Amino acid sequence: MNYIIDFSNIYIIAYSADPSQNANGEHVGGITGFLKIIQKLIREKPPEKIYVVYDGKGGSRKRKEMNSGYKEGRSVPKPLRLNRIFTYDSPEQENESRRQQQAALVCVLNSLPVHQIILEGVEADDIISFLSQKFSKNNEKVFIISNDKDFFQLLNENISIYRPAKKSFLSKEDIVKEFNISPSNFVLARSIEGDNSDNLKGVPGVGLKGIANKYPELKEDKWVSIPEFITLTEEKQKEKSYKTYDSILNNKDIIEKNYQIMQLYAPLIDYNNMQILEDELEKKPKFDMTAFYSHLTMNGIHGQHFRELVVHFIKTETTRK
């Protein structure tokens, strides 16, 4: 079994939710929270390998070529809802704490036997998609660790998701049960709905619930292409006119453009970066226990809190030998 961790997504959750402080009164929850999530997962479902994936510098070059406004709204981050017993003196101080903890966490991860992957001009989503599909084709089980709905489209018999914010594991059956839309058609539904967090405008007045209600066909485990969906909508409109159908037919271009950007079936990774990625998969990162405890101590964190983590990695190293 493989764990593939969406670093930015999980780090922000840990940083926001974990109020831990060291002896100097400094917040260290970004570090401890992230490690606690990994430790909890290992306790419940011990993995063979762990991959930590980062967004590359500049984000997705290819998506920005498709849509210059892609993720434009993220240039000014929204204030986080922080679980704290204290307040920062200024937003600048809070941002500095977040940056420092992130850098410290990367140093901690460098001492662990986990693969850390980052490719310039490539989003973490594409790397996660590539890895998940690669392992799935080899009949290996995969857990994507993220709260991002974009990964719902990848779920199958071998690929599942763990969402730390809800402390829940999701299979493809869970997605169908919750949304009445199959993973095979989730990217189509999301292309219609749009994604404000990525600055992708959707079809006006149409959300996931409306799509599921008007298109029960999308619940089936059968991929529906955009041309097939448009034809289906035209047929439905002839039977009974609804504003939903009108809105979809009047905004076909929005759906098509969103689909190109939001789909992860064909990861947007160029040849050179693909070679770098393949080379990384051949490496065998080692566990440096001394460095691990040293980095924690430098940040005022007691290493004993992560004894289960250490024991797991010691066993992993022994098995590899």
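Reader: What radius of gyration would a compact globule with 321 residues have, and what does the protein have?

Author: The radius of gyration is taken over C-alpha atoms, and the globule rule is 2.2 Å times the number of residues to the power 0.38. For 321 residues that rule gives a value near 20 Å; the protein has 21 Å, which agrees. This is a predicted model: local features need pLDDT of at least 70, side-chain atom pairs count only at pLDDT 80 or more, and totals for chains, interfaces and linings use all residues. Residues are numbered from 1 along each chain as its sequence is written, and side-chain values use heavy atoms, with hydrogens and water left out.

Reader: How many helices and strands does the protein have?

Author: Helices (H or I, at least four residues) and strands (E, at least two) are DSSP runs, numbered from the N terminus. Here there are 14 helices and six strands.

Reader: What should helix α12 span, and how far apart are its end C-alpha atoms?

Author: The expected span is 1.5 Å times one less than the number of residues. Helix α12 covers residues 271-282, twelve residues, so it should span 16 Å; its end C-alpha atoms are 17 Å apart, which agrees.

Reader: Which residues of α12 are buried?

Author: Buried means under 20% relative accessible area, exposed over 50%, and partly exposed in between (1.4 Å probe, protein chains only). In α12, Asn273, Met274, Leu277, Glu280 and Leu281 are buried. Seen down the axis, these buried residues fall within an arc of 120°, so they line one face of the helix. The arc is that of the directions from the helix axis to the C-beta atoms. On the other side, Tyr271, Asn272 and Glu282 are exposed.

Reader: What do the buried residues of α12 pack against?

Author: Contact means heavy atoms within 4.5 Å. The buried residues of α12 pack against β2 (49-53), β3 (115-117) and α5 (124-137).

Reader: Is β2 enclosed or open, and why?

Author: Four of its five residues are buried, so β2 is largely enclosed by the rest of the structure.

Reader: How many bridges join β2 to strand β1, and how many to β3?

Author: Two strands pair if DSSP finds at least two bridges between them. Five bridges join β1 (residues 2-6) to β2, and the two run parallel. Tyrosine 3 stands opposite isoleucine 50 in β2. Three bridges join β2 to β3, again parallel. There, valine 53 stands opposite isoleucine 117 in β3.

Reader: How many residues of helix α2 are buried?

Author: Twelve of its 16 residues are buried, so α2 is mostly covered. Among them are Phe34, Leu35 and Ile38.
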